[in-house]
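Hi,

Here is the structure I promised to pass on. Have a look at it first, and my notes follow below.

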Amino acid sequence: MATQITNGDGAASVSALNCIDLSSSDTHRSVSLLKQEFMAEVFDQSRRLFELPLSAKMELNKNYKGYTPYLDHRLDHENQVHGIELQEDDPEAKKPFYGPPDVLPGWTEIMEEYHRQCLEVAKSVGRLVALALDLDIHFFDKPEMLGEAIQTLGLLHYDGQVSDPANGIFGAGAHSDFGFITLLAIDEVVGLQICKDKDAKPQIWEYVPPIKGSFRVNLGDMLERWSNGVLKSTLHGVAGNGQDRYSIAYFIEPSHDCLVECLPTCKSEKYPPKFPAILCQTYLRQRYYDTYADLNVYREHNN
Ligand SMILES: O=C(O)CCC(=O)C(=O)O
Ligand SMILES: [Fe+2]
């Protein structure tokens with residue numbers, strides 16, 4: 001089902017979001033964010049990758065991992081986004097990064113460092129989530145949870161198209177992310193939109209203004225399920241305005257073997273679990289199969 005990323009008259013307003021300053025001086029509830037200069041360097045490396053000729057990028061196209069061109073990553077079934085995603089049993093899957101080591105010196109090292117730093121931020125956000133849910137602060141730090149998390153880094157480039165929601169053209173169609181949380185770093189180009197109340201009819205969509213050096217933290221569907229709906233996943237999408245736009249999405253999920261079962265503080269006699277327990281890997285597999293386009297369409301490019 002396609003959902004329109006507009007507020008009905010075609011123009012979404014800009015939202016002043018409720019915002020937790022993760023770098024606040026309350027050390028118990030704060031997160032040390034990444035250095036601005038480092039984030040700028042990561043964005044530069046991302047731009048360098050996308051500036052490579054298409055043939056060089058298609059060399060990096062492997063099942064669910066590496067470069068994926070426009071129209072591959074289907075978040076809203078009738079619409080599209082592009083990204084870098086998870087693998088199945090490809091031997092390359094063992095490598096943390098499927099990137100271009102020869103053509104872009106330094107790229108892999110920068111991305112690995114970014115990945116490492118995002119993990120620390122994500123774990124800290126996980127502790128804030130635990131506190132918010134009345135759990136032990138380290139609840140999600142267990143090895144089967146974020147201790148051995150599944151992490152995916154998506155470098156995204158929207159190539160200056162103007163979205164036309166009435167005709168189903170978006171930078172990224174309306175969706176919520178599958179997993180636990182997503183740390184979204186966005187450049188200065190406006191485009192990200194969220195719908196704060198996904199059950200409202202009609203839905204109200206608002207632009208999220210980019211804040212330099214910050215992360216937008218999207219809650220994922222798995223966290224919604226885990227928390228028995230106490231926390232709602234963030235419905236969001238991207239509307240292109242004709243400018244080139246870059247963003248970097250860091251997705252984190254618990255380990256494959258984690259049993260995602262209604263959290264102890266999120267159920268009561270009056271509010272019983274809404275979803276059966278499920279292994280993280282079963283849940284994710286289902287979501288990936290539902291979401292991705294048929295990769296055979298790239299065979300032509302790969303040969
Ligand atoms: O580019 C963005 O700002 C959002 C990307 C996104 O939502 C995603 O990759 O899941
Ligand atoms: Fe997303």
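The buried residues of α1 pack against α2 (54-58), α3 (107-132), β4 (150-159), β6 (181-186) and β11 (244-253). Here "buried" is under 20% relative accessible area, "exposed" is over 50% and "partly exposed" lies in between, with a 1.4 Å probe and protein chains only; a contact is heavy atoms within 4.5 Å. Helices (H or I, at least four residues) and strands (E, at least two) are DSSP runs, numbered from the N terminus.

Before going on, the ground rules: this is a predicted model, where local features need pLDDT of at least 70, side-chain atom pairs count only at pLDDT 80 or more, and totals for chains, interfaces and linings use all residues. Residues are numbered from 1 along each chain as its sequence is written, chains are lettered from A and ligands numbered from 1 in the order in which they are written, and side-chain values use heavy atoms, with hydrogens and water left out.

Back to α1. Its buried set is Phe38, Met39, Val42, Phe43, Gln45, Ser46, Leu49 and Phe50. Down the helix axis these fall within an arc of 155°, so they line one face of α1 (the arc is taken from the directions from the axis to the C-beta atoms). Glu37 and Glu51 are exposed on the face turned away from that buried side.

Now the metal. The iron ion (ligand 2) is coordinated by His175 (NE2), Asp177 (OD) and His236 (NE2), at 2.1 to 2.2 Å. Donors are N, O and S atoms within 2.8 Å of the metal (3.2 Å for Na, K and Ca), and water is not among the atoms, so the site may look incomplete. The donor spacing in sequence is H-x1-D-x58-H. His175 is buried at 9% relative accessible area, and Asp177 is buried too, at 5%.

Then the core, meaning buried Ala, Val, Leu, Ile, Met, Phe, Trp, Tyr and Cys residues joined through side-chain atoms within 4.5 Å. The largest one has 56 residues, of which Tyr114, Phe140, Ile181, Phe215 and Ile252 touch the most other members. Its largest share, 11 residues, comes from α3. A second, separate core of 11 residues includes Tyr158, Leu184, Leu192 and Ile194.

Cheers
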